[in-house]
Amino acid sequence: MKPREVRLREFLSNSNIATPKSPPWVHSAPSSKLIKIIQDEKLVAMQCDVFKGEKLCYLFVGRAAYKGRDALNPEAWQLPSVFVMRFATPPAIKRIYPFDTGAFDRNRMPSYLTAFDMQNFELGSDDALIGRLISLYFDTPRRYVDRKSVDEDKIKEEHVLDMSHAEILALGKLYREGSTKNYDDRAAAIEVQVGEDIPLRKQDLLGVVIPEEYMRTDGVRESLLKLTKYIETYRLLPLSLSQHYSSIYDAVERIYKKAGVNI
């Protein structure tokens, strides 16, 4: 009998790993697009430069992990606006990945992961696998959001992993490493791809996080309050764009608390 590699999707689908409720999904966009998003009342699926020929709307599970190009002295419109979503009926999922596919495609992932083909890590469209993925590598959604992964020995012992599970072990190492200069929080954030525009409806939009300058713009506050009860802001500081993310993460956590989301 010849050896066979075990893919992550197959492993999660065939396991008896617990399936906790997934944290909310989060979409981030440059605030230069905020007024257009408010006007359209939707998140628009855009042409994707990774999955060529497809229009996709990207979200991350639990965290505002998407990051555009850094800027040393950003203007308010370069800072992210963040939309925190919890769907009663989720939109049709095109694909789920356990990391940011853009970062993988641009070779911003460590070589022990890029030794494998990116498509080997695709989880398909079954959102139940999000919870199983979280249970396997983090135990609980809270630990996932805080990026506190379980250690390799625990995973190996509980699930009897060998070298046929090399991709599963490589992903665990990625999650354990924490953010570095080259591999930031996108490396440990679950990516959800939707192949259509996502309407912003009050029953789905838990809250938004925007730079505080936009709250002084006529119509922004009033329009957002028609879509959600919770608007959180953060200040533009004399810092690089990437250094604003701790404020953004804190604002997302405040939305969770106000909306009664227990992670």
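Me: Before we start, what does buried mean here?
Reply: Buried is under 20% relative accessible area, exposed is over 50%, and partly exposed sits in between, using a 1.4 Å probe and protein chains only. This is a predicted model, where local features need pLDDT of at least 70, side-chain atom pairs count only at pLDDT 80 or more, and totals for chains, interfaces and linings use all residues. Residues are numbered from 1 along each chain as its sequence is written, and side-chain values use heavy atoms, with hydrogens and water left out.

Me: OK, strand 10: why is it largely enclosed by the rest of the structure?
Reply: Because four of the five residues in strand 10 (residues 230-234) are buried. Strands are DSSP runs of E, at least two residues, and helices are runs of H or I, at least four, numbered from the N terminus.

Me: How many bridges join strand 9 to strand 10?
Reply: Five, and strand 9 (residues 205-211) runs parallel to strand 10. Two strands pair if DSSP finds at least two bridges between them.

Me: And which residue is the bridge partner of I210?
Reply: T233, in strand 10.

Me: Zooming out, how many helices and strands in the chain?
Reply: Ten helices and ten strands. The radius of gyration is 19 Å, close to the 18 Å from the globule rule for 263 residues, so the chain is as compact as a globular protein of that length. That radius is taken over C-alpha atoms, and the rule is 2.2 Å times the number of residues to the power 0.38.

Me: What does the C-alpha trace span?
Reply: About 70 × 40 × 35 Å along its principal axes.

Me: What share of the chain is buried?
Reply: 51% of the 263 residues.
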